[in-house]
Amino acid sequence: RILGYSEEYPFHGFGDQNSGVKRLSAAEYTTIHSAFLASQNDITIVLQRSRSSGDVGGGEGPLHKSLKEYITARPEEALKETGLRTIATEYPFPTGDRIDVLLKDKDGRPVTVEVEVDCDATELAGPLQCMKYRALIAYLCKWRVAEVRTVLAARSVASSVRQRCLDYEVQVMEIPTWPGSAP
């Protein structure tokens, strides 16, 4: 239907030259890709089935907590992306790990968010947690790792950490101030 064919069309002679191959426009690709992702396992249902029972995490400082709460309450504003919805905060995995914030984007893809206050040039834990959580969510939802997004959110991120994150497809979002943070 997305390409204008009826549901009964057998795709015999499909494509612009009846070759079985069709060049898609960017808009057609995006529409098909979004429909495909939406047809996959619903992240909310999958995560409810696989939720670990255990204590909610602790030991975080007041800045970390307030930044995490801001992202949870207003993900679109905090991460500057429309269509983000919060799924869970401190989502516990069966492994004992916990995602700071778990979101769903406008296409239904999971977005894991690791919150750090500041990431200096020696920061390792935040980026590594991003990569780990991305893989864990992909496994639970039976998605390819490349279809799960991950974000490292912090007040500041050293340029070397930012570059290394980008090399490993970890999005970086600097949030210098937020409601509840000190000026």
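1. Strands β2 and β3 run antiparallel and are joined by four bridges, where strands are DSSP runs of E with at least two residues, helices are runs of H or I with at least four, and both are numbered from the N terminus; two strands pair if DSSP finds at least two bridges between them. Thr112 in β3 is the bridge partner of Leu102. The two strands form a hairpin with five residues between them, and Gly108 in the turn has a positive phi of about 85°.

2. This is a predicted model, in which local features need pLDDT of at least 70 and side-chain atom pairs count only at pLDDT 80 or more, while totals for chains, interfaces and linings use all residues. Residues are numbered from 1 along each chain as its sequence is written, and side-chain values use heavy atoms, with hydrogens and water left out.

3. On its pairing with β5, strand β3 runs parallel and is joined by five bridges, and Val115 has Ala153 in β5 as its bridge partner.

4. Why is β3 largely enclosed by the rest of the structure? Six of its six residues are buried, a term for under 20% relative accessible area, with exposed over 50% and partly exposed in between (1.4 Å probe, protein chains only). Pro110, Thr112 and Glu114 point one way, whereas Val111, Val113 and Val115 point the other way.

5. Helix α3 covers residues 62–73, and its buried residues include His64, Leu67 and Ile71. The buried residues of α3 pack against β3 and β5, among other elements, a contact being heavy atoms within 4.5 Å.

Note on methods. The expected span of a helix is 1.5 Å times one less than its number of residues.
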